Structures are given as C-alpha cells and as structure tokens.
Amino acid sequence: MLALIRELFPICRSITGDGLRQTLSRLGELIPLETHEVPTGTQVFDWTIPKEWNIRDAFIKDRSGRRVVDFEENNLHVVNYSVPVRARMTLRDLRPHLHSLPAHADWIPYRTSYYTEAWGFCLSHRVLESLPDDEYEVVIDSSLRAGALTFAECVVPGRLDDEFLISTHVCHPSMANDNLSGVAVAVMLARILAGARPRYTYRFLFLPGTIGAITWLALNEVAAPKVKHGLVLACVGDRGDVHYKRSRRGDADIDRAVEHVLRTKHEPFAVEDFSPYGYDERQFCSPGFDLPMGGFRRSPGGQYAEYHSSADDTDFVSAPHLAHSLGTLLEVIDLIENDVKFLNLSPMGEPQLGKRGLLPAAGETAQLALLWVLNLSDGRSGVLDIAERSGLPFDVLRPAIESLLNGGLLEERRRPADRSERSTMMHEP
Amino acid sequence: MLALIRELFPICRSITGDGLRQTLSRLGELIPLETHEVPTGTQVFDWTIPKEWNIRDAFIKDRSGRRVVDFEENNLHVVNYSVPVRARMTLRDLRPHLHSLPAHADWIPYRTSYYTEAWGFCLSHRVLESLPDDEYEVVIDSSLRAGALTFAECVVPGRLDDEFLISTHVCHPSMANDNLSGVAVAVMLARILAGARPRYTYRFLFLPGTIGAITWLALNEVAAPKVKHGLVLACVGDRGDVHYKRSRRGDADIDRAVEHVLRTKHEPFAVEDFSPYGYDERQFCSPGFDLPMGGFRRSPGGQYAEYHSSADDTDFVSAPHLAHSLGTLLEVIDLIENDVKFLNLSPMGEPQLGKRGLLPAAGETAQLALLWVLNLSDGRSGVLDIAERSGLPFDVLRPAIESLLNGGLLEERRRPADRSERSTMMHEP
Amino acid sequence: MLALIRELFPICRSITGDGLRQTLSRLGELIPLETHEVPTGTQVFDWTIPKEWNIRDAFIKDRSGRRVVDFEENNLHVVNYSVPVRARMTLRDLRPHLHSLPAHADWIPYRTSYYTEAWGFCLSHRVLESLPDDEYEVVIDSSLRAGALTFAECVVPGRLDDEFLISTHVCHPSMANDNLSGVAVAVMLARILAGARPRYTYRFLFLPGTIGAITWLALNEVAAPKVKHGLVLACVGDRGDVHYKRSRRGDADIDRAVEHVLRTKHEPFAVEDFSPYGYDERQFCSPGFDLPMGGFRRSPGGQYAEYHSSADDTDFVSAPHLAHSLGTLLEVIDLIENDVKFLNLSPMGEPQLGKRGLLPAAGETAQLALLWVLNLSDGRSGVLDIAERSGLPFDVLRPAIESLLNGGLLEERRRPADRSERSTMMHEP
C-alpha cells in the first residue's frame, strides 16, 4: 500500500481532469474498475458538474528569471482549480493571491477554489517572507473548459444483492494521508474480498470529494437503498489511533460492528457521534438517503497539524498503520459478513456438550463462547448481538459456532428473502 | 421588578383576604388581570374553600403597656390565619403559642395554620429569651368569616389555542424571594409577551398556594389539557444558581427546553427529577392532570437558611438575579415558541450553499448550524431536537434557519391543525 | 440454620444415591417434602439419567497397612462418582489418580466425574508430597448401577396459581457454603412462608445440580410458565457481601425487586448481568424456558479460595451471614408479594390529607411516602415502580399504603384474572 501511495503521490489530482484520470487508470491495473465520465453541465441534484480543470505548468519568476515558486516542484504550489494567468505584477498586487502558513513556516498549504473562479499560489511562509518588493512574472498555464467529471467503481459481487459500500475521495493532489491512504487501503480491501466470495456485494467508490459523492448518489438514487452497510475511508495511514464516526442513524449494524471490534482489540480508539461536517458521509447521510454509513479514519481531518499541507507527505504515513487500518476493517467486514441468526436446536436446558466431545475445560473462554451462542440463539439474536452481549470477540465466537453447527446443535436461521430464493415454485399451481 | 417587590413587601397577604386582593389589584395596574372570587364553602375536588381571614392588628403588651411583639412592625409576627384572641395571660400559658428560631436568634419565623383553627405569634429568639416571667396582654384582632378565595389570571392571547401556563403563588406575606420574586418575574414576562404576539397563548396564574392551584384546576378541569407547556415560578430572585425540577413526565418539551437552555449557557445549574413535594407542581402534576409543567427556581424552598423567615427580605433578592431568571425564562420561551418542524427542500445530498451566498467560513459554528438544520430537517425533527442533537444554542440555530428559509432551502412543516385553520373551505363542495 | 448445616455436613452426597436420599429425608422432617425418584436411563431433554452411585468405603493403604487417605475421615477424599477399584499399585501408577491443591497445601480439593467413568482420590498437597515411592493398596468400595435420581419439592400454596420458584442444589458432599447454606436458608424460608398464607405459590426445589434442574424442567415443561419469579440460592452463608446475578431477561420483576432491596439497605452489594455460566440459572434461563430467575449468593462460586475444597467447612459459614441472607430474601419476597397496582381515588390535585388526620410533619419521609403513593397510583404503576421511582424502601411505603387504603383514598386495582375468580357467574344467562 505504501508503494502505491508513493507511486501516486506526485500526480496533480483535482475534482476533474487528467490527473484524476491517470490515478484511476493506475488503480484499474490493480482491481477491476468501471470508470464513469459525467459531462460538464450535467445537473446532479442541487449541483452542476463544473468545467474540467487541467494544468500543465505554473510559476512565479523573479526579475532574474528564477522560478521562486514552481508547480513542477510541488503541485500544492497552485491553488487547485486556478484559472489561467499570464502577467507581470508587483509583489503588492500579487500578495492577495499568495497563501502561506505562518505557524509552520516551511510547509506549503493546500488550497482550492472549485466553485468560484479565482487563482492563487501556495508557498512556504519562509519563501513568502524572503520575496523582495519587486516585479514578478506570474504564469498559471491551466485550462477550465467543458469536459467531464471522472469517477470509478469496483464491484466485488457477493451472494446477496445487498451492498456494503466503501467510498474514498481521490481528488486530493500530493498528500499521502489525505487521501492516498484511503485509496490504497480500499484497493487492498477490494483485492482481498475479490478472492473471498463474500455474502454481501461490495462496491468501492473512488470519487472526487462532495461533487463526486453527489454525482454517484444522483446516478444511483433508486439503487441506493441496496446499501445495507457502508464506510467512508479517509486519513487511514497516520500514527493516530483509529477514530470512528457513527452513521446518522447512530445504531446501524456498521456502527455496532466497528465499535465491537474496536472495544475487543484492547487498543486506544475514539468514537464520535455523527455530525454533518467532515467527509462524504455528509452526502451519504443526507436526510434524503440516510444510508447506514460511518466514517473510518485515524487522525480526523483538521485535527492534526500536517492536515492539508505539504507536510502530509509519504513520510507522514507508515506501513504498520496502513496495515492496522486494513486489518481492523477486515475484522469489521468479517463480523458483518457473519452476522446471521442461528437457532439452538436443543433449547430446553443446556444440551449435554460432553457426550458430543464439545466440552472445553470449565470456565475457559471457549466454553463461555459455546454457552453464550447456545443461550442467545433463540432466533432473535444474531452474531453481532451475541458478540455485544457476551463481550467476546468474533474470533472467539466463530469456532464455537462452527463446533455447534458440526455437532448438530445449531442451525442457521434463513431469512425469508433467502428462503424465497430457494423455493421459487411456492406460488405455482 | 425589585421596585415592585419593595412596594408589595409590607402587605400582609394570606391564602384569602384583603391583603391578597390589594396585591392583585396592584398587579392589575401593570398587566390585564381577571380576578376571581370563589365563595367560602365551595367544594373544589377534595377540598373546600375556607373562611376568609383578615387582620387589623395584633400585639403582645407587657405590664408597662409596651408592645414587645407588634404586628405593625412585621406581619410575620402573627401566625398566618390565627383566630381572634383577646386575653391576659402568664408567659407560661402564652409560651406554647410562641415560635422562634433558636439557630437564627434575630430572625422571625413564618408560620401558618390554615386548616386547623389556632393562633400564635412568631418572634426572634432573642426577644423570646428576654421576656420576663410576667403577665401579658395578648391581642389578635383578626376575623375568620364566610367570604371568598381570590386569585387572578392574565391571558396573553397567541396564534394557537394551545397554552403555556405560568403559575406563581401570591399568598406569602412579607417575604421577598418566596414569593414576590416569582410574582414580579411573572408580571414582567406577561408584559414582554403581550408585546410579542406569541404563537402559544400564555396564561399567568397568581394563586394562593395549594388551595389556589386546586381551585383553578377544579374550575378548569375540561380546559386543562390545552396546557402544552408550563412552569411554576418560585424563589427566583436570590443569589443561587438556577434550579429546575422536571415535570412528572420527565421528558416533556418544557423539560427538554429548559435543560437545553441551561446546558448551553455555560453557567452552573441544577436539575432534579420530579417529586410530589414542593410548590404547586404537586397539583398540576397530580395523576388526574399530569400537566407538562416543571418547577423553575433558584435556591429551592427549604434549602436556604433564610427560607420562611424575616431574613427573606428585600435585601435577600437582587436585581441582577431577577434579571437573570427573567432572561433565562425568555430563552426557554423563545425555544418553545420556535420549536416547529422544517422540511429540507433539497434533501438528496447537501444543497450547494455557495451558489446561494450561504456559505460561511468552513468549520465555523454558523456553517455547522446550516448543516445541522439541513441534515435533521427531515420532517421528524423539530428545532428542539436539532438543538439537542447538535448541541448548538437556539440563538445560533435561528439565523441559520432564517437564511435557509430565505434561500428557499427550507419550508416550515405545518401541523394539520394549522393547515385546517388556513383552509376552512376544504370540506365544501 | 447453622445447626442443620452441621448435622448434614458429614453425609456423602452426590447427584444420585443414598446420601442424597438421607439428606432429603432429614429435610422432610422439617418441611413438607415430595420426593421424586427418576429411574436410570430416563431421557430428560438432551440428557439421560445416569446410573446411581453409592459408596461404602475408600482408602489408600501404605505397605504398613495404615490408611494414608481415608474416606471415613472426609468424603471429599474420593473423586465423586468414582467407579469401584481394588488394586495394589505403585505411586507412579497411582499418581495420575491423585488430586491436590499445591497453593493450599492443607486443603483437600473437591472433584467429580459424573459423566465419564473414572476414579481418583483427593488429598492435601502436604500428604501427597509425603508419600514415599512405594506400593499401595487402593480401594474404592463404590457401586454404579441402575437406580434413580432423587430430588424433592416443597410447595407452599398461595392465593394465586402463579409461582415463585426457589431452587437450590443439594448434591455437594461435605461443604458448608456450597451448598448446605442454600439448603438451610431455603428450608427456613419455606417454614416462614408456610405460616404466612402468601399471594404467590412458592415452590422450593432441592435438586442435584444441572441434571436435577434439567430433570425438573423436563417433567414440568408445560407448567414452567407458571413461574413468575424465581431465585437460585447458592453460597449464602459466607462473610462476603450479597451478590445478585440478573435473570437472562435483565429487567424481570425479580431483578428489579432484589436490586431495590439491596440499594435501600445501605450496605455494600454487587449486581452482575446474566451470563450462561454459574449455577442452575443456566438451565432455568435456557432459551427454551427463559424463566425470570436470578442468582442470589454471597461470594460467588469460584471467586473465593475455599471454593470446592475441604476449607469450605462449617466454620466458613456464620449464623449472622445466614440470617442476613434470609432477611434480605424475605424483604425481596415481601416486595414481590405486595407489588400490586393501586388507584388513587382522588387523583385531581392532592387530596386533603389533613382533614383525614393523615398528615405527618411536612418534609418527613412518611409524608413523602404518602405523596409518592398518591402521585403514582394512576393504574399503571405498581408498588415496585413506586419504590424504584421514589427511592423509598418498601417498609416506608407500606404504612403509607395502609393509611391511604384505610382513609378511602386508595383502592387495589384488581387484575382481570382476580376479577374472574370472584365473578364466576358473569357468563351465565
């Protein structure tokens, strides 16, 4: 994942344009990806697909012809979506177009102006301070023209039509944690699940932030209710603890599953309630959709100094933290995948485990797992309920469930939907 | 308010009689007041209106003719509702009729005997201790005769028949916090609301404690369910923090509104659950009515040393604390008045605020307020729900709601009752 | 109770056999007891009644003929349900059959092997260490033959068919807290209730652990739903605080009643959620029955060092702690017995208590009790609800209820079941 992040890092992405296409194209070599192009001007709910932005070069040259600010060095130097500029101007006139971070004098800030036509440069405060009061040549060789907004989907088909949606924004230029980390972890998840024949159908979205999510929702308004669980991945490679933001519903299965996994890992973590501010959960959890989707991240955007600056580079993320995010997500998916209801086939008193060779040593966790599964498998409780009430992690419950299924003491309770799949003849004469 | 308290302070009020009439008459000069006289002997539920009590003078004279205890000096000196007495008696015989506060030797206690015919004097423990063992002339020039119980109502009509009931007891003689403070704050609230054309109809009750509330309920048994919110005001002028006692229901809108206002003020406060002991919430929250009414006070009755004594004088209350109580109540009323449901007219994803000039700087409270109102305006949540879930005070939500209404993004969701008011033709052919 | 424990202590009990019969026979002299014999081989749900076990003698003799381990000295010396043995063997061969507690070198552990045919001896670690590497004569003079499982019931009839079930295991040999303490307290409870003409029918079960409870459930499958409240008593004589384990339902009346009694006693106590591990609540709370039964104990089994060892002797339990358990249980039963709903017959405002001579001094607990009972007796709340919401112990509420019933202010709300009992003519022509 770190290698992919390093490879994609230099590309100048935006919410439209060739950098975005190039990134998605590279992802398409790793996972099966369907790429969509939505033309400029298309109405998507309350929004309109904007003009497409592309950039070739940009710089500020001093009187000696030296590039004092150079897009080639770091694409954060240009305010993303800047209109073309070609001018000579004094520092005084240029100054309102220059952005820096006085508190972090060596870092270049990340700025955008997607929906207001403007231009500007971002530079370190140290360089800004060193600029003599002189005349400069200012060039932004960009274009803002009718084109398209690009996004991509990867679908891993499951046994059910019901979907688990994983969305990640892919519009940020050279920043590693925000959000090449989310992109890399999503790609890896898709590869792992593709080999697993899962129960749910998994849909991965690689979208430009906000407008991309709104576009996908507009194109999939009717199908959206198929989403039974979902996560928005962002900032999952830094050294912070896992931070989960609940869905708008607050008690969706995904909320309960993530919290159970985090609680049983015996590591620090944070959980916060939904708020309509943050990443694309804003869109997926808008009142017209209210999808059961939470936000999975490590240090939340805006809560670390390096956020939206050149300091969010490939050193800011680490392979162990990417792997930890991936592993935690796989545990969550494992629990959701296996969250079915079982029926205890010997519910009157305890069944005699000993005569079936199912009796671990008294008091051990393995015995508790058997007893909890038997006691709660009354047709109302699913595996997630059992995990929550017993406090036992799913990897402790799983072998108990397997033993009881094999011992003939447990039976999966089919949902009516599943049943009707198997008995299509039932309405025939 | 303090001036009114000082003016009314000397009057000897009781649960019936001319002191009560004189007090209500003065209030009637400040707000429109309908005064009711309910004749002695009238049955009100389980109670009977008692004889009317009036008093002209009372004293204890020593052998030298000096008034050692004098009603003219302080009307607390007489046990309220004392039957007439005219006698010469030894200190030994008089002693069982004398009440003092040994722990506060300079204060006169407040005592009553409404429903048992008795008489007595209250005096400072210092004076009591100084009385020589001698003979005294004891006079209580009172009368206890068929008459009436007096109470008054002030109605501020609103756009709805639904009522907000504010009740305060007006029967206590010379004590400032208990309860001229409640009377003064209620008068000021009535004056402010009269100029505001409110949504709810506000009814202010100035009642003798217990028997007055029971009388009002008996006379308004059928209309009582119109009360949708209510507060009992008492002891609202002292230096203590605001103390709210929940309604019997515990989660009525008034409970939620008061608690939200108190929580967002960043000042100390206390909230307690309902108990059937205290002021007239005992009656309004009796099981046959169970009105959604809480108790609003500062230091609760019985929890401060000066309670029911001459130390509860006009110095015990302060203008800033009266004003703080009034301001807090106005915030509560403002929230209840504005607790309507809105519909987000662009509920699929977020609407594009920028193109409407509605976008405050990212992350600011004003932006959060816009996003919360949009996200929760799904037809189920009202303003109080939004305030509670977002944790944002109503004065932060209000401009957001205004902006969104003006921007065409929000629409008030009319209740069926409102709708029928506006479309009376709907059932015509 | 301590005398009974001391008398029964020496008997070698097991889940079947004459020691169990002898114990139940002695209990039958104290309370009316119906004893059941269920033949070996009877199927009870998933289990089968095992062969009956009896033992006459057992020992290990050294070469000199001295009994180094002697069943006559302490019946814990033999692994309970050991098959017969008569052999000479080296210490090396004998060693796998010897059990001791290295951490408590003077104590004899308690071991069983009910469902796997095996044999063994338990001895103090000190004796085990002292055995020379020599040849020993090993004798267990036991029998394991077709017979019966014995259990007994004591029914104290009540005015209702609904039952309060108290179950206690009676299968353990010479250990006092586990569980002669439970047996003794249950016997005393039955004697007290027999003289009380209770509302509920009380059924006391003296059962072998696990198999006994399963057997009773199998024989009473249809009648089990009559159990409206229940407790499993075990380990109720030691010096620990009372420890209550909630029923599987978690909020059954019995859970609420025990917790209310414990909270209002102002003594330390512990409450834990249900788990499917412990005593016979495992069976009564299995999903096919889910009876509202909790576990009442002092130090929970397995959580004290002396558990399942010879140190759990008659000195380990004390009369004051047995009496405290009994008293607490009687308080719980008193609350459940009296948990009926009342109707306030004067629900509009407060009734005038003074004119009925019902007014205790203001603010006193007795007045609060009157006001709470009146306020909550709206036909929905029962005594347990009132106790919980007011925080007042039942022995404070009881005289208030009596006063109000006598004063004509309260009426018991009959349940339809009670009503039909009294009006059997209602369906006649």
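**A close look at the salt bridges**

Reply: Let's start with one pair: in this predicted model, the side chains of C:Asp18 and C:Arg21 meet in a salt bridge, with 2.8 Å from N to O. Both residues sit in helix α2 of chain C (residues 18-28), and because they are 3 residues apart there, about one helical turn separates them.

Some salt bridges share partners, and here that joins A:Arg248, A:Arg249, A:Asp290, B:Asp378 and B:Arg380 into one network. If you count over all chains, you get 96 salt bridges.

Now for a pair in chain A. The side chains of A:Arg67 and A:Asp70 form a salt bridge, again with an N to O distance of 2.8 Å. The cut-off explains the labels, because buried means under 20% and exposed means over 50%, with partly exposed in between.

B:Arg249 makes a salt bridge with B:Asp290, and their closest N and O atoms are 4.0 Å apart. Which parts of the chain does this pair link? They are distant ones, 41 residues apart: B:Arg249 lies in the loop between β14 (242-245) and α7 (253-264), and B:Asp290 lies in the loop between α8 (281-284) and β16 (293-297). With 44% relative accessibility, B:Arg249 is partly exposed, whereas B:Asp290 is buried, with a relative accessible area of 16%.

Next, let's go to where two chains meet. In the interface of chain B and chain C, 20 residues of chain B are in contact with 22 residues of chain C. Together the two chains bury about 1,800 Å², and 50% of that is on carbon and sulfur atoms. How many salt bridges cross this interface? There are 4. In a salt bridge between C:Lys355 and B:Asp46, the closest N and O atoms are 3.6 Å apart. There are also 13 residue pairs in polar contact between chain B and chain C, counting pairs with both residues at pLDDT 80 or more.

How many disulfides does the structure hold over all chains? The count is 0. Take B:Cys154, which is in no disulfide: the nearest cysteine sulfur belongs to B:Cys171 and is 19 Å away. B:Cys154 is buried, with a relative accessible area of 1%. B:Cys285 is in no disulfide either, since its nearest cysteine sulfur, that of B:Cys235, is 17 Å away, and a disulfide needs two cysteine sulfur atoms within 2.5 Å. B:Cys285 is buried as well, at 0% relative accessible area.

Definitions and conventions: Residues are numbered from 1 along each chain as its sequence is written. Chains are lettered from A and ligands numbered from 1 in the order in which they are written. This is a predicted model: local features need pLDDT of at least 70, side-chain atom pairs count only at pLDDT 80 or more; totals for chains, interfaces and linings use all residues. Side-chain values use heavy atoms; hydrogens and water are left out. Helices (H or I, at least four residues) and strands (E, at least two) are DSSP runs, numbered from the N terminus. Buried means under 20% relative accessible area, exposed over 50%, partly exposed in between (1.4 Å probe, protein chains only). Contact means heavy atoms within 4.5 Å. Buried area is the accessible area (1.4 Å probe) that two parts lose on being put together, summed over both. A polar contact is a pair of N or O atoms within 3.5 Å; within protein, one must be able to donate a hydrogen and the other to accept it, and residues adjacent in sequence count only if both atoms are side-chain atoms.
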